[in-house]
Amino acid sequence: EVGPHLPTVATQVLSSYNPSGDEGELMQWIKEFLVTNNIVSESNITWSLDWGITFVKHYNVPSPSGNSTRTRGIFLSAHLDSDHIPEDKELLSNAKFEYDAESHRISWNASEVGLDDKTGILSILFTLLELEKVAASEHANTVCIPVRVVFSVSEEIGQQGVLRMPRELLHEIFQEAEFGIIIDRMSNRFSDLRHAVDSYFGVNLVLPHNNMRELLGKAFSLPESIPTCESPFCSDALEWRGRVDAEIVAPKILDFYNGTSLPAPLEALPKLVNAYQKLTEEVLLKMESVPHGTSIGSFRAKPRAPRYQEMRKIFDVLYEAPLPLNSYEFSVLNLSLNYEEEGYLRLGEIEDTAKGLYNFICLVASQ
């Protein structure tokens, strides 16, 4: 089982007040949870109110062969802020939460408690508890895999947390992780089926010929690859994809060809990266000009929309043909959960999601 403390932990997360720009209370609780449960020491947690909280840990997980040449692993991420919560903090802090063991669900008397994205946070926390439990037991064959966790801030107001993350930390995460899973999606947007978003705003999130969809399907015991779709909205997954391509992969490729002519498929890359940089600076300046905890405007308008368009162009240029260096593999998906904002949370869905994520980690480790 994923863990006996799920009802208590879930209630503590659900009762946290976490509007965009005011995620400190929940962030502090998560840090204490990680340390108290011996998942990671406080000294190994990196955090900032500007972008969120993160850490990495290497886990030994079961493997059929016990052999793996893998040096990069995965990262899991959810956002700390919620936009569907009461405006009055007291309404949430005074809300009554009840756990019913027979239905294995928690209900409450508040209007909304911010299941977007507290469900994602809980899924990650219980994946970590499962990893800890397995690591403490004996297995004939194991392999080691790095698991990076990121809880971001201000996703609901334009993915501002991931955008503010220092480039040095972004590069560190890229070096550790080949696969990223963002848990931030309602399954009922896709006929109630668990699925994943693999494209935002025309930007593909998964590299060509990558087997991430197949691995997720197997991890969740599906008959084939996990169903995927394009979303007309935005999420942190888009920001991860765009920043990795434009700020890490593209500069490395340009450095590789420094002093020589770029191959024809990459000739447009310098101009595209320059345009992306200018638009990113414009977005960051606008973020500084608005009150803390507020959006800079629609993702369908300037300056955000043109920046996403440059992300798409950079992706298409980079991955039209195989890159000259094979260490630049990076794919990310936004995974769904089946929940409703109707006054209750089915804890079985959190447990199933955590188990699937654990299975995915094991499958990746064995590749």
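# A guided walk through a predicted model

Guide: Let's start with Pro-303, which sits in the loop between α9 and α10. A cis peptide bond links Pro-303 to Lys-302, with omega at about 0 degrees. The model is predicted, so to speak of a local feature requires pLDDT of at least 70 and a side-chain atom pair counts only at pLDDT 80 or more, while totals for chains, interfaces and linings use all residues. Residues are numbered from 1 along each chain as its sequence is written, and side-chain values use heavy atoms, with hydrogens and water left out.

Visitor: What does Phe-299 touch?

Guide: A contact means heavy atoms within 4.5 Å. Leaving out residues up to four places away in sequence, Phe-299 touches Phe-201, Pro-232, Phe-233, Cys-234, Arg-304, Ala-305 and Tyr-308. Take Phe-233: it is 66 residues from Phe-299 along the chain, and their C-alpha atoms are separated by 8.0 Å.

Visitor: How do I find the buried face of a helix, say α1?

Guide: Look down the helix axis and take the arc of the directions from that axis to the C-beta atoms. Helix α1 spans residues 6–14, and its buried residues are Leu-6, Pro-7, Val-9, Ala-10, Val-13 and Leu-14. They fall within an arc of 165 degrees, so they line one face of α1.

Visitor: How do α1 and α4 cross?

Guide: Axes are lines fitted to C-alpha atoms, for helices over the stretch in contact, and angles run from 0 to 180 degrees between N-to-C directions. The axes of α1 and α4 cross at roughly 145 degrees and come within 10 Å. Handedness is read by looking at the near helix: turned anticlockwise from the far one by less than a right angle, the crossing is left-handed, and if clockwise, right-handed. For α1 and α4 it is right-handed. From α1 the contact takes Leu-6, Val-9, Ala-10, Val-13 and Leu-14, and from α4 Leu-115, Lys-118, Ile-121, Leu-122, Leu-125 and Phe-126.

Visitor: What classes of residue make up the contact of α1 with α4?

Guide: Ala, Val, Leu, Ile, Met, Phe, Trp, Tyr, Cys and Pro count as nonpolar, Asp, Glu, Lys and Arg as charged, and the others, Gly among them, as polar. This contact has ten nonpolar residues, no polar and one charged.

Visitor: At what angle do α4 and α11 pack?

Guide: Angles under 35 degrees count as roughly parallel, over 145 as roughly antiparallel, 65 to 115 as roughly perpendicular and the rest as oblique. Helix α4 (residues 115–135) meets α11 at about 55 degrees, with the axes 8 Å apart. The two are therefore oblique to each other, and their crossing is right-handed. Nine nonpolar, four polar and two charged residues form this contact.

Visitor: And which way does α8 pass α10?

Guide: In a left-handed crossing. The axes of α8 (residues 236–256) and α10 come within 10 Å and cross at roughly 50 degrees, which makes α8 oblique to α10. Among the residues that meet are Leu-238, Val-249 and Ile-253 in α8 and Tyr-308, Met-311 and Phe-315 in α10. The contact divides into ten nonpolar, one polar and five charged residues.

Visitor: Where is His-209, whose phi is near 65 degrees?

Guide: His-209 is in the loop between β9 (203–204) and α7. Its phi is positive, in a residue other than glycine, and at 86% relative accessibility His-209 counts as exposed. Ser-154, with a positive phi near 55 degrees, is in the loop between β6 (142–152) and α5 (160–164); its relative accessible area is 5%, so Ser-154 is buried. Just after α7, Ser-221 has a positive phi of about 60 degrees.

How values were computed. Buried means under 20% relative accessible area, exposed over 50%, partly exposed in between (1.4 Å probe, protein chains only). Helices (H or I, at least four residues) and strands (E, at least two) are DSSP runs, numbered from the N terminus.
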